[in-house]
Structure formats: C-alpha cells, structure tokens
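Please look at the structure first.

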Amino acid sequence: MSIADNLLEYKKELDSTQTELIAVSKYQEPAAIMEAYNAGQRVFGENIVQELADKEAQLPKDIEWHLIGHLQTNKVKYIAPFVKLIQSVDSLKLLTEINKQAAKNKRVIDCLLQIYIADEDTKFGLGFDEAIELLRSDEFTALKNVRIVGLMGIASNNASEKQTLDEFTELKVLFDGIKVSFFRKDDYFKEISMGMSGDYKLAIEAGSTMVRVGSSIFGKRKIKHYKTE
Ligand SMILES: *Cc1c(COP(=O)(O)O)cnc(C)c1O
C-alpha cells in the first residue's frame, strides 16, 4: 500500500474518534513527506532537532511540526522559531529554556509534559510526582511564553495488551487529576498524546487525543545519518 493509501485508512479509522493523527516522519526522505502532504496530511512529528530543522527549511510552510524526541536545552533555539508543539518536555530546566527562546521569537510555544509510564529504564520522562511538583512550582508559574497543553507518554516495548492498556490508563488518570488541580478553567489543556503503530488502538481505547504513527504509514525508516543526541 502507498503512503496515501495508508493515511486514508487511518483517516477512516480515526474519523469516529476524538483522536488526531501525527504522522511520524523521522528518518523519512522529504519526498515521502510530500507524498503524505499531497494526500492532505499537515501534522508531522520528528524526533531529532537537526533533521526537523533541515526538513522545515525545505518543505511547505503550512506543515505543523511536532518535536516528539528528547530535546537538549542547547538545541531549543533551532526549532523555537517554528515548532508547533514540543511533546517531550521532561524537566523544568528545559521548559525554562523553551520559554526564553519563545520570548526571543515573540511566541508562546505549546508543550506537552512527557510522563514516564513504561516499565523500563530507557525512556525519558517525568515521574507522576515530578510532573505535579513542576506544575506547582513558582518557577513554572512565572513562565509566560510556554503553555502546557497536555501530557505525552510511551508505553513499554513488547508488553502484553493488558499492561499496555494499564499504562495508557494510568496516563489518562494522571491527566484527569492534573486537569482538575491545575487547569480546570483552561480549555487548552486537553491533549493526551499516546499510541504508536503497534499500540494506537489501545491508546484510543484509553482516551488518547493524539496518536503518533510512523512505520505503519511510511514503512521502513530510510535516513540514517542523523545522530540522536
Ligand atoms: C518513532 C516514534 C513514534 C512512531 O513509532 P512507530 O512505531 O513507527 O509508529 C512515536 N512516538 C515517538 C516518541 C517516537 O520516537
């Protein structure tokens, strides 16, 4: 099936849900992104800063770019002028730098707090307590050029369906608690980004509002020369 066909299948499937499709185009050539673009897709996720910046420079300006991978503070400046949503905020230090670079660009940058839900050591993210501590802090409250619009999580690799659904459900419960405690009157706090090619159905069942789907739209990843850090 072509990229356009794959997208059409997802569109049909997500049509009856509240869930948005983020097409994860990491390691894909610009031509593949254009194929998706010409099929109507406008929201793309990348996880390496350099790759994202290179593609943004070459591709149509009405694409909404999300950063979904780990972000180092010294690289925020490269994406601050254009990034639509940073999904991978995992510290107050990073959020403070995003705020600074957003102010320089006279913008408010939307962010998700990445929450650690997997039963593994290898994934980035804030623990539940850390997320709440961050939101409670005076330092956070003082930041005027970032807006937290929700939470993001990555479930464990190769877990059972039950465990995956449990992890997604934990994120949904945390989201509901944070909504009530910190964002009760803020309509913008509404996103739960969870679900990838292998587990998006379970994520939607648990209340996902954004699924991040790469390989089952684009097939195998092709570009290999970008470093992850
Ligand atoms: C690569 C990636 C995805 C997409 O994964 P697929 O299995 O290719 O759908 C989603 N989220 C994050 C954070 C990723 O790094």
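Q: Which side chain makes a polar contact with the side chain of Asp-110?
A: This is a predicted model, in which local features need pLDDT of at least 70, side-chain atom pairs count only at pLDDT 80 or more, and totals for chains, interfaces and linings use all residues. Residues are numbered from 1 along each chain as its sequence is written, and side-chain values use heavy atoms, with hydrogens and water left out. A polar contact is a pair of N or O atoms within 3.5 Å; within protein, one must be able to donate a hydrogen and the other to accept it, and residues adjacent in sequence count only if both atoms are side-chain atoms. At 2.9 Å, the partner of Asp-110 is the side chain of Arg-147.

Q: Is Asp-110 buried or exposed?
A: Asp-110 sits in strand β5, residues 109-115 (strands are DSSP runs of E, at least two residues, and helices runs of H or I, at least four, numbered from the N terminus). Buried means under 20% relative accessible area, exposed over 50%, and partly exposed in between, with a 1.4 Å probe and protein chains only. Because its relative accessibility is 17%, Asp-110 counts as buried.

Q: How far apart in space are Asp-110 and Val-149, C-alpha to C-alpha?
A: In sequence, Asp-110 and Val-149 are 39 residues apart. Val-149 is among the residues in contact with Asp-110 (heavy atoms within 4.5 Å) when neighbours within four places in sequence are left aside. The C-alpha separation is 6.3 Å.

Q: Which residue has a polar side-chain atom 2.5 Å from an oxygen atom of the ligand?
A: The residues around the ligand (a heavy atom within 4 Å) include Ser-197, Arg-212 and Ser-215. Arg-212 places a polar side-chain atom 2.8 Å from a ligand nitrogen, while Ser-215 has a backbone N or O atom 2.8 Å from a ligand oxygen. The side-chain atom at 2.5 Å belongs to Ser-197.

Q: Where is Lys-106 found?
A: Lys-106 is not a glycine, yet has a positive phi of about 50 degrees. With a relative accessible area of 77%, Lys-106 is exposed. Its place is the loop between α5 (92-104) and β5.

Q: What is the relative accessible area of Asn-158?
A: Asn-158 also is not a glycine, and its phi is positive, about 55 degrees. Asn-158 lies in the loop between β6 (146-153) and α8. Asn-158 is exposed, and its relative accessible area is 81%.
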